[in-house]
Amino acid sequence: MRATRAIYAALEQRPAQRDCIRRTECCQFKLTGRTPMLTAGEALVVSAALRASGRRTLPESADAATGRCPLLNPAGKCIVYEARPFGCRTHFCAAAGGPYTRNEVRDLVRRLEDIDAALGGDGPHALPMAVESALKKI
Ligand code: SF4
């Protein structure tokens, strides 16, 4: 988890060319057609944050029509924002400047993949499945 958090810190050190305006459109997977994919280290960081908030399970998504992220609370805030996965830190909507290109973050993605391999992972999994699996390990 420490190594994963170090990658998030490295991303934050890069010049910010995007500005999230918290529309939360990107947190509604059926609207975007994309679900964040988490490596094992990212899933552990999210799961630790969930546990720290007193939760033992992933909340149910309240809106099947939009595919709302189960980590988005009814007030429209991410309940694990400080621990949000890499995809949530690099996928911005058009209004916020658009997603990072693979080239901009390739080195950091490789580091996440290395951590995944070191943890015995088999590559990224969709957020709900990745977090449910990690919650069983911590
Ligand atoms: S983890 Fe947080 S930032 Fe990422 S999609 Fe879910 S609610 Fe949005």
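Modeller: A residue is buried if 20 or more other C-beta atoms lie within 10 Å of its own, exposed if 12 or fewer, and partly exposed in between, with C-beta atoms placed from the backbone. This is a predicted model, in which local features need pLDDT of at least 70 and side-chain atom pairs count only at pLDDT 80 or more, while totals for chains, interfaces and linings use all residues. Residues are numbered from 1 along each chain as its sequence is written.

Biologist: What makes A43 count as buried or exposed?

Modeller: A43 has 27 C-beta neighbours inside 10 Å; the cut-off for a buried residue is 20 or more, and A43 therefore counts as buried. Its place is in helix α3. Beyond the neighbours within four places in sequence, A43 is in contact with L38, A130, V131, S133 and A134, a contact being two C-beta atoms, placed from the backbone, within 7 Å. The C-alpha atoms of A43 and A9, 34 residues apart along the chain, are separated by 17 Å.

Biologist: How is M37 classed, and why?

Modeller: M37 has 16 C-beta neighbours inside 10 Å, so M37 counts as partly exposed, a class that lies between 12 or fewer and 20 or more. M37 belongs to strand β1 (residues 37-38). Setting aside neighbours within four places in sequence, M37 is in contact with G87, P124, H125 and A126.

Biologist: What share of the chain is buried?

Modeller: Buried residues make up 28% of the 138 residues in the protein chain.

Biologist: Why is the protein chain called as compact as a globular protein of its length?

Modeller: The chain has six helices and two strands, which are DSSP runs (helices H or I, at least four residues; strands E, at least two) numbered from the N terminus. Its radius of gyration is 14 Å, close to the 14 Å that the globule rule gives for 138 residues, so the chain is as compact as a globular protein of that length. The radius is taken over C-alpha atoms, and the rule is 2.2 Å times the number of residues to the power 0.38. The C-alpha atoms fill a box of roughly 35 × 35 × 25 Å along the principal axes.

Biologist: What makes the arrangement of α1 and α3 roughly parallel or roughly perpendicular?

Modeller: The axes of helix α1 (residues 2-13) and helix α3 (residues 40-52) come within 9 Å and cross at roughly 95°. Axes are lines fitted to C-alpha atoms, for helices over the stretch in contact, and angles run from 0 to 180 degrees between N-to-C directions. Angles under 35 degrees count as roughly parallel, over 145 as roughly antiparallel, 65 to 115 as roughly perpendicular and the rest as oblique. The two helices, α1 and α3, are therefore roughly perpendicular to each other. A3, T4 and R5 of α1 meet G41, E42 and V45 of α3 in this contact.

Biologist: Which residues are around the ligand?

Modeller: They are C27, P36, C69, L71, L72, C78, V80, R84 and C88, each with its C-beta atom, placed from the backbone, within 6 Å of the ligand.
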